[in-house]
Amino acid sequence: MTALALAFVLRVVTMLGYGPAQWFNDSYEYVSGAVNPDRPSALRPNGYSFLLLLMRPLQSFALVAFVQHLMGLGVAVLIYSLLRVRFGLPGWGATLAAVPVLFDAYQIQLEHLIMSDAMFMLLVVGVITLVLWHRRMSWRLGAVVGLLLALTALTRSIGLPILVLVVIYLMVKRTAWKTIAAMVVACALPVTGYMAWFASAHGNFAMTNSDGAILYMRTALFADCRKMKVDPREELELALLCISAPPGQRGFSGQKYLWWAQNGQRFHAFGVGSTFTPETNKTAGAFAQRAILSQPLDYLSLVAGDFFRAFHWGRPRFPDFNTYRQYEFLPENKILPAWSSYRGSTDTDAQKYDPGLRTAQIQGKLRVIGTDVTDPWAGFLQAYQRVVRLPGIVLGGLLLVGLVGVAVRWRKLGGPVLLPWLASLGLILAPAATAEFDYRYLLPAVPLACMAAAISLRHGFSGPVTAAPAAVAPGSVTPDGVTSGAASDALGDATTGGGVTGGVANGVTGDPAESGLGTGGPVTIIPDPAALPGPVTPDPVTPSSGTASASTTGSAK
């Protein structure tokens with residue numbers, strides 16, 4: 001509770017220092033979707049815009065930021081509860097796993113941005129927590145998980161592959177097919193409905209018109225039309241996307257080849273306003289696929305470079321200085337740009353949503369102030385951010401711990417470590433493979449990496465451990481509430497090997513928490529000799545033995 005209270009205070013300080021909220025370049029599209037909810041965005045799913053729409057009657061970006069800070073604290077509570085209750089970690093261990101979410105300055109700053117990431121993080125961690133908490137899921141719970149996965153996918157497109165991970169995990173656990181079917185259907189219905197709405201507005205059955213364009217950005221640094229064998233006479237549309245500058249002179253970020261019409265690139269050759277149309281998106285996707293298939297080593301090298309960029313000790317400026325600054329607590333106010341939007345401009349959309357935004361005359365023009373910086377709170381946060389953050393190399397260490405945890409549980413295909421570890425790894429690898437490295441893409445992976453590492457370290461790297469059994473007197477009551485004599489009736493004739501641990505009596509060996517039987521220790525049951533058919537002398541229980549020498553045919557209830 002102390003850590004949670006301190007983290008809450010830090011978020012209050014953030015709201016005092018940077019009111020009402022902070023802004024990223026993507027923020028304006030989300031706000032436009034909330035102000036004009038009649039059409040889905042062509043660039044990204046509208047899940048976060050739906051949240052903004054629900055909160056629009058409050059007319060306050062400050063309340064939006066406050067709710068997002070509560071989401072961040074909710075992620076920490078989920079991590080702590082899962083590790084403490086379900087997996088039996090001590091309080092300090094569960095708290096330590098939640099520390100990055102509670103205190104990382106960049107996590108707090110991300111929650112304060114008008115962005116989808118806090119919502120996405122809560123949904124992902126919520127799904128993983130629900131799945132790991134229940135060893136056996138009912139179809140109703142499966143439907144709940146499916147709905148959460150649908151919200152995750154509608155918040156960020158990368159959420160949809162998490163459905164595949166959860167399905168594979170449940171199949172490995174031999175979950176009932178009804179549960180898996182209920183989850184898939186519950187996820188598919190909202191997503192399909194959204195795609196139908198998208199088709200009514202944009203003409204194609206999809207979630208966005210940007211996946212091909214963004215993949216084009218991924219390949220822009222190495223795509224060579226000569227190696228791709230693009231024939232301009234036969235494939236004019238692909239040829240228009242060829243970049244004239246040699247690959248060695250294209251810089252270290254491909255974003256300029258998508259977002260800005262600069263010399264040396266041709267993505268905007270199709271005309272203003274055609275960037276995210278179905279036709280352009282399809283052509284850009286075809287170009288990117290040709291580049292990847294023609295130059296696979298160049299592509300893999302680029303992906304590897306961005307993947308390992310996530311694990312630096314420092315925080316190098318990437319992809320450019322302006323983008324890097326948007327993740328910082330800055331000393332100056334944020335003036336909202338007056339870019340063109342669906343039905344107006346980005347600054348007027350923001351004012352429609354929150355009429356309380358302050359305006360000021362700047363260089364002879366009336367401008368909207370999106371963020372007011374107030375000291376001493378802002379100065380404290382600037383100093384705090386220079387010191388308190390999770391270095392990338394620590395995130396890499398957490399993933400390595402999780403990998404070892406998966407490896408030592410290879411007989412169980414990774415056990416409960418596998419799902420959060422794969423989800424964390426995927427959230428880092430997917431942007432590197434399909435878009436480009438961005439610091440905000442790392443933060444949703446952190447709580448899952450902490451979760452996987454904490455479960456792995458619960459018993460060190462030795463795998464599940466069964467504690468030495470304690471002797472129970474004949475006829476006494478076991479922790480299961482069953483007397484030894486009664487238990488012997490349930491066990492039948494399988495009593496000749498001495499004591500039977502509670503785990504074996506239930507047909508499960510190893511750690512009860514990992515097998516889904518709860519977090520209590522094993523229970524030893526010694527049959528009452530008086531209840532046995534004929535004179536039997538029980539074998540002594542040796543401290544080194546945690547199992548019976550003879551197999552049981554039933555289970556102690």
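Select Ile-455 to begin: this residue is found in helix H23, where helices (H or I, at least four residues) and strands (E, at least two) are DSSP runs numbered from the N terminus. Ile-455 is buried, with a relative accessible area of 0%; buried means under 20% relative accessible area, exposed over 50% and partly exposed in between (1.4 Å probe, protein chains only).

The model is predicted, so local features need pLDDT of at least 70 and side-chain atom pairs count only at pLDDT 80 or more, whereas totals for chains, interfaces and linings use all residues. Residues are numbered from 1 along each chain as its sequence is written, and side-chain values use heavy atoms, with hydrogens and water left out.

**Around Ile-455**

Display the surroundings of Ile-455. Leaving aside neighbours within four places in sequence, Ile-455 is in contact with Leu-83, Phe-87, Leu-132, Arg-409, Pro-416 and Val-417; contact means heavy atoms within 4.5 Å. Then select Leu-82, which is 373 residues from Ile-455 in sequence and 9.8 Å from it in space, C-alpha to C-alpha.

**The core and Leu-83**

Move to Leu-83. Which residues does Leu-83 contact, leaving aside its neighbours within four places in sequence? They are Gly-88, Leu-89, Ala-94, Ala-97, Met-451, Ala-454 and Ile-455. Leu-83 and Met-451 touch the most other members of the largest nonpolar core, which has 133 residues. A nonpolar core is a set of buried Ala, Val, Leu, Ile, Met, Phe, Trp, Tyr and Cys residues joined through side-chain atoms within 4.5 Å. Helix H7 (residues 117–133) supplies the largest share of this core, 11 residues. Apart from it lies another core, of 7 residues, among them Leu-43, Met-217, Leu-258 and Phe-276.

**Helices H7 and H23**

Select residues 117–133 for H7 and residues 445–456 for H23. The axes of the two helices come within 10 Å and cross at roughly 25°; axes are lines fitted to C-alpha atoms, for helices over the stretch in contact, and angles run from 0 to 180 degrees between N-to-C directions. H7 is therefore roughly parallel to H23, given that angles under 35 degrees count as roughly parallel, over 145 as roughly antiparallel, 65 to 115 as roughly perpendicular and the rest as oblique.

On the H7 side, Met-121, Val-124, Val-125, Ile-128, Thr-129 and Leu-132 meet Pro-447, Leu-448, Met-451 and Ile-455 of H23. By class, this contact has 9 nonpolar, 1 polar and no charged residues. Here Ala, Val, Leu, Ile, Met, Phe, Trp, Tyr, Cys and Pro count as nonpolar, Asp, Glu, Lys and Arg as charged, and the others, Gly among them, as polar.

Met-228 counts as buried, at 3% relative accessibility. Not counting residues up to four places away in sequence, Met-228 touches Ala-223, Phe-287, Arg-290, Ala-291, Ser-294 and Gln-295. The C-alpha atoms of Met-228 and Ile-292, 64 residues apart along the chain, are separated by 9.0 Å.

Now select Lys-229, in the loop between H12 and helix H13 (236–239). Is Lys-229 buried or exposed? Lys-229 counts as exposed because its relative accessibility is 67%. Although not a glycine, Lys-229 has a positive phi of about 55°.

**Backbone features elsewhere**

Gln-363 also has a positive phi of about 55° without being a glycine. Find Gln-363 in the loop between strand E5 (358–362) and strand E6 (365–373); at 80% relative accessibility, this residue counts as exposed.

For the cis peptide bonds, select Gly-19 and Pro-20, joined by one with omega of about -5°; Pro-20 is in strand E1 (residues 18–20). Another joins Phe-318 and Pro-319, with omega of about 0°, and Pro-319 lies in the loop between helix H16 (296–309) and helix H17 (321–325).

**The whole model and its confidence**

Finally, colour the chain by pLDDT, the predictor's confidence in each residue, from 0 to 100. The protein averages a pLDDT of 83, and 80% of the residues score at least 70. Over residues 462–510, pLDDT stays under 50, and pLDDT also stays under 50 over residues 515–557. Where pLDDT is low, the predicted coordinates should not be read in detail. The complete view comprises 26 helices and 9 strands, and of the 557 residues, 52% count as buried.
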